[in-house]
Amino acid sequence: MPLHLVDSDKNNSFFDTYAESAATNSIPKFKIAEEPNDPTVIQDLLIDELLLDGNAKQNLATFCQTDLDPQIHYLMDKCIDKNMIDKDEYPQTAEIENRCVHILADLWNSPQSADTIGCSTTGSSEAAMLGGLALKWKWREKRRKEGKPTDKPNIITGPVQICWHKFARYFDVEIREIPMEHGRLLMTPEEVLKRVDENTIGVVPTFGVTFTLEYENVKAISDALDQLQKETGLDIPIHVDAASGGFVAPFIQEDIVWDFRLPRVKSINTSGHKFGLSPLGVGWVVWREKEDLPEELVFNVNYLGGNMPTFALNFSRPGGQIIAQYYNLLRHGRQGYARIQQACLDHGIYIAEEVEKLGLFDLLYDGKSALPGAAWMLKKDINPGFTLYDLSDRMRSRGWQIASYSLPSNCEDMVIQRVLIRHGFSHDLAQLMIEDLKRCIDYFQKHPVTNNSDSDESNSFHH
Ligand SMILES: Cc1ncc(COP(=O)(O)O)c(C=O)c1O
């Protein structure tokens, strides 16, 4: 029998993934395949194709968790069919979601942690939308009661992650973003006070700024708003975007007062899939007290059986991430999280110190006081033969992903390089990364790149 006529049934010894027709022909890319294919062949082809993606462990640009316990893989597999919205069919998943909310409320010092309200989301972006909506609804309710117009809400932020621009655009709220200035890269009370008025629905400090990893001073902003209230009667609430810091500070920076210890902080969001150590696809938003979430935002649905309250932008959503979050809270506990976050912080400090020793860079963040990581810029007035973009690009050839980007307005002329350290990184890897950085710099000193300055290029930072 000619070879091409061999029946390649899997029980047949002729079966081989790379000799099957799916592997010897192009796979469909724009139209669905006409005929079914062997599942193991397709699985192998896809796994091979995905090798072209980056290697997550060497990705120092992302904030997202990529190193997960085998137990999390097992739990995610067991939960693959759980729809978290279907609280009637999966009441125990709902119960576990609720426990996570209360544990977070307690970690963030809510006065009613066992009784307050919150929910899981797909990440901090959805959580931020929900927090923002609650602020808008609360403000509108108050204005209506006072018989005042409700057509010009505004929200005040520092240099924020894109999700707040989305919130402002999608929900018709003016965003008053305090731009960075040379010498001031964060929101300050003075800058907030210049922008607040009776139409301000809330102020949003970021606790772990995406661009620089630093914490905005929530307490100073809250104090300034207390004073404003005394003087003018304006009572402006705070929502803290603690996408990353919400799972770091409670464990290793307990002295920083940024959370529900400040009565003006009405809600907080965080990403479970960042320093919460959970797999991609889970965020959280928690309100200080039940009254801080307007009831009209909660829908009650009965078509899945039972009567279920829901406040979310999505409907169906996988339940596994929530179970994994609870696993992490139980498995690591307060002390376990503290050890992990401290180890990450130490690696960031080490990298910052080593980078500084190279003599070419000025540190923008030394890794000590906020999120685990470091950020630096090329020293002014030197010509090292490369830009930070060139350096990121060259590091990529060794598998490292290190973000280089220009800061937002009014500091677009400042190009910085940033590494973010997450669970799964070791001192050994930090040393190897620094060795590679030195090797790349040596390369450029021998083969200088004579291209545009950093500011002529664009590159995105990763979230
Ligand atoms: C401060 C801040 N807020 C919000 C987000 C969006 O978070 P997510 O990716 O979980 O939607 C990020 C992501 O990096 C962030 O750093």
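Hi everyone, let's start with the ligand: the shell around it has three nonpolar, 10 polar and two charged residues. In that count, Ala, Val, Leu, Ile, Met, Phe, Trp, Tyr, Cys and Pro are nonpolar, Asp, Glu, Lys and Arg are charged, and the others, Gly among them, are polar.

Before going on, a word on the source: this is a predicted model, where local features need pLDDT of at least 70 and side-chain atom pairs count only at pLDDT 80 or more, while totals for chains, interfaces and linings use all residues. Residues are numbered from 1 along each chain as its sequence is written, and side-chain values use heavy atoms, with hydrogens and water left out.

So, which residues come nearest to the ligand? Of the 15 around it, they are Ser124, Ser125, Asp241, His273 and Lys274; "around" requires a heavy atom within 4 Å.

Now some polar contacts, meaning pairs of N or O atoms within 3.5 Å. Ser125 has a polar side-chain atom 2.6 Å from a ligand oxygen. For Thr210, a side-chain N or O atom is 3.1 Å from an oxygen of the ligand. Asp241 places a polar side-chain atom 2.7 Å from a ligand nitrogen. On its own the ligand has 390 Å² of accessible area, and the protein covers 95% of that (Shrake-Rupley method, 1.4 Å probe).

Let's zoom out. The chain is divided into domain 1 (1-40), domain 2 (74-329) and domain 3 (344-453), with bounds from an automatic or database assignment. Between the C-alpha centres of domain 1 and domain 3 there are 47 Å.

Next, an open sheet: four strands in the order β10-β11-β13-β12, paired antiparallel. Strands are DSSP runs of E, at least two residues, numbered from the N terminus, and two of them pair if DSSP finds at least two bridges between them. From one strand to the next, the twist averages 30°, using axes fitted to C-alpha atoms and angles from 0 to 180 degrees between N-to-C directions.

Four bridges join β12 to β13 (residues 415-420), and Tyr405 stands opposite Ile416 in β13. In the loop between these strands, β12 and β13, lies Asn410; the peptide bond from Ser409 to Asn410 is cis, with omega near 0°.

How values were computed
A polar contact is a pair of N or O atoms within 3.5 Å; within protein, one must be able to donate a hydrogen and the other to accept it, and residues adjacent in sequence count only if both atoms are side-chain atoms.
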